[in-house]
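Biologist: Please take a close look at one part of this model. I would like one connected account, with the cut-offs stated.

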Amino acid sequence: MRAVKVEHMNNDIINNIGLNHYLILAALLFVTGMAGVLLRRNIIVLLMSIELMLNSVNLTFVAFSKYLGILDGHIMVFFVMTIAAAEAAVGLALAVSIFKRFNEVNIRFFEHLKG
Amino acid sequence: MNHSLLMALLILAPFVGFLINGARYKKHSANVAGVIATAAVAISFISAVLLVLDLVAMPVESRKIAVSFFEWMAVDKFKINAGFVVDQISAIMILVITGVGTLIHLFSVGYMHHDKGVAKYFAYLNLFIFNMLLLVLGDNLLVMFVGWEGVGLCSYLLIGFWFTDKEKAAAGMKAFVTNRIGDAAFLLGMFVLFITFGTLNFSELNALAPTVAEASWLGAVTLGTLFLFIGATGKSAQIPLYVWLPDAMAGPTPVSALIHAATMVTAGVYMIVRLNPLFIMAPNTMMVIAVIGAATAVFAATIGMTQWDIKKVLAYSTVSQLGYMFLACGVGAFGAAMFHLMTHAFFKALMFLGSGSVIHAMHEEQDIRKMGGLKKYMPITHITFLLGWLAIIGMPPFAGFFSKDEILAYAFNSPFGSPVLWAAGALGATLTAFYMTRLMALTFWGKSRVPSDIHPHESPAIMTIPLIVLAILSVIGGWIGIPHVIGEHLGHIPNMWEHWLHPVISPIPGWQAIDHTTEWTLMGVSVGLALISAIVAYQFYVKAPETPKKIAESIKPVYNLVYNKYFVDEAYFGGIINPLVNISRNTWYYIDVNFIDKMTYWAGDLMRGMGSMVRSVQTGNMQQYAMYIGIGVVVALSFVVMR
Amino acid sequence: MTADAFLFWFLAIVTLVSGLSVILLANPIYSALCLAMTMVGVSALFVTLNAYFIAGVQLIVYAGAVMVLFVMVIMLFDLKKDLQAFTRGILSGALKIASVGLLAGLVVGAIAISTGLLAEKTTDNPVTMGTGMESTKALGNILFSKYIFGFEALGVLLLVIAVGAVALARSKGGTHEQ
């Protein structure tokens with residue numbers, strides 16, 4: 001009897017895709033992005049990790065939007081997407097300036113705030 | 001005239017003089033500065049005369065002019081007004097201060113004619129008169145104390161007037177510091193009296209006094225008056241705080257005349273006479289005062305016999321005569337003390353000014369071994385000095401005779417006195433006659449020992465006129481206090497002095513009037529002793545100058561002891577001053593430098609170290625900062641979730 | 001397993017693996033390509049959530065424009081291999097990974113605790129109802145009525161960004177004047 005029940009519950013989690021699944025996926029994407037920000041030294045890769053975090057947030061918003069049945073989540077995604085794109089553009093412009101000035105994009109050379 | 005206006009003029013005229021001369025302190029003109037200063041004091045003198053005339057016109061029961069200008073402090077029960085009182089005692093004082101003061105200002109115009117800082121000098125003199133008037137006119141101990149401190153300050157400024165000479169500056173400092181020790185005692189006395197009586201006002205204190213007769217040493221009145229007396233020993237140069245007065249001769253001679261003969265040094269006597277109802281109630285204090293007064297009189301007289309500087313002789317003479325005044329206070333003869341104060345002011349100021357005239361003529365030479373036979377060159381100075389000499393040795397009918405004999409009579413007869421005290425006083429009188437005659441002989445009489453490059457001449461009129469006026473006062477000044485024994489034979493001349501002071505002097509408990517025969521005997525003995533002493537001194541110093549030298553040789557150790565002022569200054573330095581300096585120095589080094597400074601450095605280093613530690617968080621590594629943010633988010637979230 | 005379930009799991013795995021590759025690969029070009037893959041995966045996930053319009057916009061804006069921008073810039077730098085691609089220091093690295101892991105755990109835990117608090121709307125759900133066109137129409141409606149202010153503000157923002165990016169990356173370098 002017990003084995004059947006466990007299988008039932010397992011099947012439930014695997015088969016019944018609910019809000020939790022999407023939210024956990026988004027959380028995992030988010031922490032992946034955060035790990036990238038903390039661990040990688042190339043400026044470009046840093047910016048890409050930030051994009052990853054923003055994407056995970058988008059996923060969360062849309063999941064909630066479907067779950068609650070309102071469209072405001074989609075609007076939020078709109079805004080987030082726009083701003084993320086804008087921020088990527090500016091960030092890349094900055095990276096280009098830095099490269100022109102220092103000929104390096106590895107942030108281990110930029111510890112000027114030390115002290 | 002309005003009493004408030006007169007009182008304000010009296011007190012403030014010298015202060016205005018101080019301000020004007022002080023503002024012009026760089027000017028060199030002695031005449032202008034002198035005129036301003038003398039005019040200021042003369043205005044004070046005229047106001048004083050007018051006030052006293054008004055006072056005389058009042059009936060005896062209410063003989064007091066009291067003016068209160070404003071309320072100075074009022075803290076709970078402690079109320080002090082800026083109040084001033086002219087009554088019988090302060091009337092005498094203000095006349096002496098402003099009168100003798102005006103004469104000395106006139107003298108100074110001549111004496112300080114060539115000095116560069118003459119405007120500053122006159123400013124200080126005026127400031128002194130102002131403070132002295134505050135002292136004598138104040139109606140409570142605190143206003144008196146303001147004046148007390150003020151005259152101490154002016155004394156310092158004037159003694160060290162030629163401050164570029166280190167010794168003179170040191171003399172000024174010695175005077176001030178010694179005075180301060182006395183002032184500390186004065187303050188303690190004020191505290192004790194305030195705690196006991198709740199007031200510092202003279203009339204209130206004197207009214208409350210008869211309720212507290214005391215016999216013990218630790219009673220409040222005894223302690224309070226004892227402390228006040230110690231303050232008086234500082235200001236009036238008695239044992240043990242007299243050491244500043246001989247050194248104070250470093251100042252200009254008119255300053256010595258005014259401050260250290262006639263006025264400031266009498267402040268202590270004045271204070272005791274003011275509070276005489278209180279002092280009468282403390283027999284132990286009276287005994288202390290009488291003993292110290294008599295001891296000082298004899299002690300200083302012995303030192304005066306060996307000194308060679310004309311001003312030092314007069315200085316020790318002043319200490320000795322002040323001893324007489326304290327002796328009088330100690331035996332209850334307050335009126336006699338005031339009388340001697342006044343006569344002493346006349347003849348001592350006269351002799352100081354006379355010595356100033358001599359020093360001026362001798363081109364700043366002060367050693368009497370280099371003088372002699374000056375009477376030919378300076379007749380006026382000689383005659384006036386002679387009159388002062390006769391007064392101080394107590395020859396009738398000059399002023400000193402009446403005042404000194406009254407003191408000796410009271411010392412013998414009063415319940416507070418004793419024959420021993422009288423004997424000490426008589427001994428002091430004998431010694432006084434000796435050293436004053438010695439001074440006269442060595443300076444004016446006999447063969448001239450003046451060095452050939454100095455040509456002494458008489459001083460100008462501006463200096464001799466004050467001498468003449470003071471000489472006249474030395475002659476007639478005693479005649480307002482002729483005792484009954486003499487007065488009844490001269491057509492019932494009353495003792496005006498005693499009548500004037502009668503309402504404000506407490507009667508001595510247990511006083512019995514002195515027997516006439518005894519009084520005549522005492523007078524005869526003291527005059528006789530003085531006469532013999534003077535003749536002996538004349539013999540020694542005019543007729544046979546080798547004799548004193550031989551006597552000094554034969555008692556060489558004793559002579560050395562007295563000549564070196566009994567090594568008192570050295571004892572003070574070795575026993576008190578140097579140990580204190582050493583303690584200060586050690587405290588500075590071991591505690592301040594080694595310990596406290598090290599503590600502060602350590603605190604600073606600690607801060608710097610902590611700063612470095614915290615600084616290590618700022619690595620400039622952006623990812624570390626991001627990590628910190630992340631950790632913060634984790635912590636915050638965990639709080640939210642765990643709730 | 002049902003079809004949607006299988007679709008979800010497949011897409012989830014693809015997205016996650018691409019995401020991890022973004023941060024783990026040393027060559028930045030490979031990272032960029034993997035990020036593009038992640039974007040596509042997320043877009044597909046949007047489709048499974050009935051957000052068709054958003055899925056399209058994701059593909060166009062993110063995978064189409066932003067990633068191209070990234071690749072262009074990487075090409076500009078001509079980096080073949082990153083020296084010292086990852087942060088140095090074992091301790092700090094461990095600390096970083098630990099904090100990240102904790103965060104993940106917390107979020108997942110929070111989700112697990114708090115689900116069941118929200119009521120799922122199944123009827124009258126404008127998202128799931130109808131074909132893609134109706135929800136898009138409703139989206140446009142809301143955008144231009146309720147969120148009009150944000151919409152306009154975004155327009156201004158984009159203008160500022162355009163100007164700023166040009167100013168920053170000019171040939172003479174940044175905002176320095178000649």
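Biologist: How many residues does the contact take from chain A and from chain C?

Modeller: The contact takes 71 residues from chain A and 88 residues from chain C, where contact means heavy atoms within 4.5 Å. This is a predicted model, in which local features need pLDDT of at least 70 and side-chain atom pairs count only at pLDDT 80 or more, while totals for chains, interfaces and linings use all residues. Residues are numbered from 1 along each chain as its sequence is written, chains are lettered from A and ligands numbered from 1 in the order in which they are written, and side-chain values use heavy atoms, with hydrogens and water left out.

Chain A itself has four helices and zero strands, in the order α-α-α-α along the sequence. Helices (H or I, at least four residues) and strands (E, at least two) are DSSP runs, numbered from the N terminus. Of the 115 residues in chain A, 56% are buried, that is, under 20% relative accessible area with a 1.4 Å probe, protein chains only.

Between them, chain A and chain C bury about 7200 Å², with 78% of it on carbon and sulfur atoms. Buried area is the accessible area (1.4 Å probe) that two parts lose on being put together, summed over both. Across this interface of chain A and chain C the rule finds one salt bridge, a side-chain nitrogen of Lys or Arg within 4 Å of a carboxyl oxygen of Asp or Glu. Lys146(C) forms a salt bridge with Asp72(A), and their closest N and O atoms are 3.0 Å apart. Nine residue pairs are in polar contact between chain A and chain C, both residues at pLDDT 80 or more. A polar contact is a pair of N or O atoms within 3.5 Å; within protein, one must be able to donate a hydrogen and the other to accept it, and residues adjacent in sequence count only if both atoms are side-chain atoms.

On the side of chain A that touches chain C, helix 1 (2–15), helix 2, helix 3 (43–68) and helix 4 (72–102) each supply at least two residues. Helix 4 of chain A gives the most, with 23 residues. By class, that side of chain A has 49 nonpolar, 15 polar and seven charged residues. Here Ala, Val, Leu, Ile, Met, Phe, Trp, Tyr, Cys and Pro count as nonpolar, Asp, Glu, Lys and Arg as charged, and the others, Gly among them, as polar.

Chain A also meets chain B, where 13 residues of chain A are in contact with eleven residues of chain B.

Technical notes:
Buried means under 20% relative accessible area, exposed over 50%, partly exposed in between (1.4 Å probe, protein chains only).
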